Protein chains: 2
Amino acid sequence: MALSLKRVLIGTPVATDRAHHERLPKTTALAVFASDALSSTAYATQEIMLALMLTVAFAADPSTLQNLDKVLPIGLAIVVLLLIVATSYRQTVYAYPQGGGAYLVAKENLGQKTGLVAAAALLIDYVLTVAVSIAAGVAALTSAFPALRGHPVEIACAAIAFVALLNLRGAKESGTAFAIPTYSFVASMTFLIGYGLFRHFNGLPMEYAPLTPQLGPLPSVTLAPEEVHQTMGWALVFLVMRAFASGCTALTGIEAISDGVPAFKKPEAKNAAITLGWMALILCSLFIGITYLTFATKAQPILPLDPGTNIVALHHGHLEEPTETLVSVLAHMTFDASPFPWFYFVIQGATTLILILAANTAFADFPRLSSILAKDRFMPRQFQSIGDRLVFNNGILALAVLAGLLIWAFGGSTTRLIALYAVGVFTSFTLSQAGMVVHWFKKRTPRWQLAALVNAVGACATCVVAIIIGVTKFTSGAWMVIVAVPLLVWVLHSIHRHYASVSKQLSMEGYRPAQGVRQHVLVLVPDIHRGVIPALQLARTMSNDARAIHVSIDPTRESRVKERWTLYSRGMPLTLLPSPFRSLVDPVVDYVNELRARDPQCQVIVVIPEFEPRGWWPKLLHGHAGIALAVRLHFIPGVVVVNVPYHIEAFVK
Amino acid sequence: MALSLKRVLIGTPVATDRAHHERLPKTTALAVFASDALSSTAYATQEIMLALMLTVAFAADPSTLQNLDKVLPIGLAIVVLLLIVATSYRQTVYAYPQGGGAYLVAKENLGQKTGLVAAAALLIDYVLTVAVSIAAGVAALTSAFPALRGHPVEIACAAIAFVALLNLRGAKESGTAFAIPTYSFVASMTFLIGYGLFRHFNGLPMEYAPLTPQLGPLPSVTLAPEEVHQTMGWALVFLVMRAFASGCTALTGIEAISDGVPAFKKPEAKNAAITLGWMALILCSLFIGITYLTFATKAQPILPLDPGTNIVALHHGHLEEPTETLVSVLAHMTFDASPFPWFYFVIQGATTLILILAANTAFADFPRLSSILAKDRFMPRQFQSIGDRLVFNNGILALAVLAGLLIWAFGGSTTRLIALYAVGVFTSFTLSQAGMVVHWFKKRTPRWQLAALVNAVGACATCVVAIIIGVTKFTSGAWMVIVAVPLLVWVLHSIHRHYASVSKQLSMEGYRPAQGVRQHVLVLVPDIHRGVIPALQLARTMSNDARAIHVSIDPTRESRVKERWTLYSRGMPLTLLPSPFRSLVDPVVDYVNELRARDPQCQVIVVIPEFEPRGWWPKLLHGHAGIALAVRLHFIPGVVVVNVPYHIEAFVK
């Protein structure tokens, strides 16, 4: 029954030889690889705004409202960072045409241990990509449909299950499936930015009612006196740095193309590099466009207001999760008074779709990296096994469960999850770029000095940003990642040590066949009935001096066995084992241990008869003591258990 | 670790030969067997009152308050019934000195099927005895300590777990452990009744504040018009009958002595009969005493009042569970203004203790009846097996779980559980008495006609009461028992059919040893390493033409096996099984089925090597594909699986 449920959900198995990989043209490749990076524009500007709004909230002074204008310079700084990182990754594309993921590059150039740090950071990142993208997608959905608010965790978990199921079915990464949502998102967001700026500069109405109560009196939150000082001097710098750190999530996913160069049509590296350039350009345009529109129209994400007082609610010194996203507010402002107000729903729909698509890419990346790590014997070998539909089942399931747990633990809040997100991403960026610097020093190809410089700038920039994120977001959640990465590295390393040790123990090197091993064949005789006969016969074929054993628990059964034994024994000796505590297992284990103590080299074969009724409920009506015994004996070295089932029907006439 | 937890909770195992049974003197036997019956006085009168209070509540007319006075005639009717039943059971004691439980008596005299009905009713009763007694015990506790209110289910489940644990430890049924609570209860209740009546008749103050708001304006509940008519004419008769039915719970447990005659000192029957007489006398006195005190002082159980309006709350047309029991109210009225107000806590303590003791008796009875039914092959044989401490572990656990579920399902409400309780009790009473009538007709001992008449009166009386309970309590819950009893009978009967069928299939009668069975020995070779060698050796000792099998999933492994096979094969042929869908299990199963299809009489022995790392976490790092294969093969007739473990360390230097 479980099997047929699996067939309905996952589909029928696919033969190994049907695996194939299609090469992608640039336009399709852009859609496939850019969805993760582009989708971050749906939340990056909002995260900057939320961090800045906190400075306003803490200041309790209307003049600080202008702090919100810092969104533009912060956005520009991030664009510069983005261009540096993209240029740096362009070089990885050329240097690693076989695919240059951070794990591979760091391992090859900085050593296995650094590679493991990159791998650990990446694994955590992939889980967070799913959690953050799905949480943001749910936020886009609930912004448009207020009736769905209040159940973010349930909706997000259902979405994760849906994406996981698609991946377990092994949905072909068909170009169209990616192209439509990605290009719809790019087109509709471009239209939003363009038409929004047009309305703004032409003074067309852009009011949006829910924004007005919080725009003015936002700072009217009541603050404990010890919180107010936080906006003075360095504290303000800290909060602005935090806003910058939050915005850096715009860069997540930018490395995707460098991992997937072999999927491009020939010449792979060149095509990949061109696509990377286009992706960076689109990403920059969308991000700065949304940021500038926000700056120009003074839009804000809608925060939940305290009922009655109509002021923004604070929750443990933090702003609460917005009820409506910044993009949703921008779309309302732009289209509500326009001739096509329905375009608001196009924006929200396209945003939700691309965010789900972004989660989907992690469902390809995480299992792939897990299987590579499993092949290198750093992760359990189960991650290497390919499921019915030619996908890495266990990786997909592990990712879905971990992402679901994260969503649940953080109440489905995008903002709270993002505090964990970027620190891992920038760690792997740094290690990958640093690895590239070493790569150039090793290879010394023509003009290697310039290449090394470009990667060095990238590595330094991302390293500085990683530190900024780690410090400014430490208490909000980055500490978890900073603790988790070394812990995960230790786990990966221990797994590796175990596998290495196992293969050493299994190696045939120096193998000498053991000589003169004595075999003891024991057969358990719990009673005299037909179910026991096949076991007796088998024991006889295995050895001429097999020995029968009866554990004396029930006196009536014992005397029945003693009485009738000679009828069926054909000369096999019967040993009665007393069992003062009525255990079947202990006397047999003791007896076997005694045999092994007398002759430590000997092999003991225990034949256990068991009648096996057909059907599930008749199985419940029998003790299956033989199985408990088999399990205990299984763990004693030198013991082999032979379970001889005798199949019977639930009912006979 | 699970084992050492078990040792701490349950204790070390006890040897079989340490089982012994002590014979009880009459005074101790009274304490042991009467606790269940006597404990029902803690709630029987209250249940009559609650049923009567409902007639008042529905009438919406202050004059109907006198309906409450019907508690006395109802109480007297129950006392008459009690004497009839006790007299009837006295005869069972003499007729069945070996112990005359309802199952045994009904089975012997009315046939196996009727016996099963009695058994089913009894099993359900024992579960309800635990649930009702514990719920009432918790009510006694929370009456005294209001801080504990609001968590009846949690407290009740903890109490059940505690009693179950004591029973799993096999606490000796020491006389003292029973004598102290039972006699304390009898003594303190007698004092409550005597001193209460003394205060009442001497006009000493007996006010109790929480009683006053509900005494007068009880009927001021607001009723829907369609509910008001219910107190007219026949409806009133119905409600009074229901009050009677509720009070009949006073009789539960009265049969206990007739089950346990062999535990008495010689002459067993006579001593048991005398003890039964005493028990009936004490039970009658306590019950009618409490009932009369209630009648005289106009005491009522305290019902939860609607906050603000101060009137009794109705819940779906029923009264809500009292916040304070009737006995607690009587104790407050009697002792609050007395020189020894602390005696209130003695009453509540003794009540709680005897109710827990009553639950404890069911923990002896249910496993005993289950084991008898298991011996007769009507229940799973697991109920027959004796645990570490010489008790029927599985029966105790099953009872605890079922009673806990009932408590949880009924929110720990005594009143709601009692609606289920009495119908089963009176069914088994009726069957047991009817069985006795048949017994006398069969035996025709001197004066058998009189004996038959006594039992016939008993049977008719309990039958009528069973019908009254079934009808008046049908919608409140009795229907569940009326459905459950035949269902349980069907289950018991099906289990019996299965066991009979199994022993027919296992019988050695007409057995002819099979001749010329061909054996195929297959050994699985997943790879070439030391873990496989012992399996190859064993296969060779089992047959000269053993055959090796490799399932081709991974091409590199396949070529490694093919390449190195000749080094270790010693001439054993190797078969490669293709696995297009990457399954290890399916190709082997197909291959085995093919062998069996060609020669249906043959036996196929599949030797599966498996390396077994020490420790729990290394086990997680290996696929254990061999186990999945072994389980699948286990269910194919004619197949024997031999699992050859190769033990390895988690780490080696």
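Gln505(B) is buried, with a relative accessible area of 15%, where buried means under 20%, exposed means over 50% and partly exposed lies in between (1.4 Å probe, protein chains only). The model is a predicted one, in which local features need pLDDT of at least 70 and side-chain atom pairs count only at pLDDT 80 or more, while totals for chains, interfaces and linings use all residues. Residues are numbered from 1 along each chain as its sequence is written, chains are lettered from A and ligands numbered from 1 in the order in which they are written, and side-chain values use heavy atoms, with hydrogens and water left out.

Leaving aside residues up to four places away in sequence, Gln505(B) touches Arg530(A), Tyr646(A), Ile648(A), Glu649(A) and Val652(A), a contact being heavy atoms within 4.5 Å.

The interface as a whole comes next. Chain B contributes 75 residues to the contact, and chain A contributes 75 residues. Between them, the two chains bury about 6200 Å², with 60% of that area on carbon and sulfur atoms; buried area here is the accessible area (1.4 Å probe) that two parts lose on being put together, summed over both. Across the interface of chain B and chain A, 28 residue pairs are in polar contact, both residues being at pLDDT 80 or more. A polar contact is a pair of N or O atoms within 3.5 Å; within protein, one must be able to donate a hydrogen and the other to accept it, and residues adjacent in sequence count only if both atoms are side-chain atoms. On the side of chain B that touches chain A, at least two residues each come from helix H19 (474-506), helix H20 (533-542), helix H21 (555-569), strand S6 (603-613), helix H23 (616-620) and strand S7 (639-648) of chain B. The residues of this side divide into 41 nonpolar, 21 polar and 13 charged, with Ala, Val, Leu, Ile, Met, Phe, Trp, Tyr, Cys and Pro counted as nonpolar, Asp, Glu, Lys and Arg as charged, and the others, Gly among them, as polar.

Strand S7 (residues 639-648) of chain A is joined to S7(B) by three bridges, and the two run antiparallel; strands pair if DSSP finds at least two bridges between them. In this pairing, Val642(A) stands opposite Val642(B) in S7(B).

Side chains of opposite charge can pair when their charged atoms come close. One salt bridge brings together the side chains of Asp69(B) and Lys298(B), at 3.6 Å from N to O. This pair links distant parts of the chain, 229 residues apart: Asp69(B) is in the loop between helix H3 (44-59) and helix H4 (71-95) of chain B, and Lys298(B) is in the loop between helix H13 (268-297) and strand S1 (314-315) of chain B. Asp69(B) is partly exposed at 28% relative accessibility, and Lys298(B) is partly exposed at 48%.

Other salt bridges lie within helices. Glu558(B) pairs with Lys562(B), their closest N and O atoms being 3.7 Å apart. Because these residues are four apart in helix H21 of chain B, about one helical turn separates Glu558(B) and Lys562(B). Lys562(B) is partly exposed, at 47% relative accessible area. Arg598(B) and Glu594(B) form a salt bridge too, with closest N and O atoms 3.8 Å apart. They are four residues apart in helix H22 (residues 585-598) of chain B, so about one helical turn lies between Arg598(B) and Glu594(B). Arg598(B) is exposed at 63%, whereas Glu594(B) is partly exposed at 46%.

Finally, the backbone deserves a look. Most residues other than glycine have a negative phi, and most peptide bonds are trans. A cis peptide bond joins Lys266(B) and Pro267(B), with omega about -10°. Arg570(B), in the loop between H21 and strand S5 (574-578) of chain B, has a positive phi near 50° and is exposed at 63% relative accessibility.

Key: A salt bridge is a side-chain nitrogen of Lys or Arg within 4 Å of a carboxyl oxygen of Asp or Glu.
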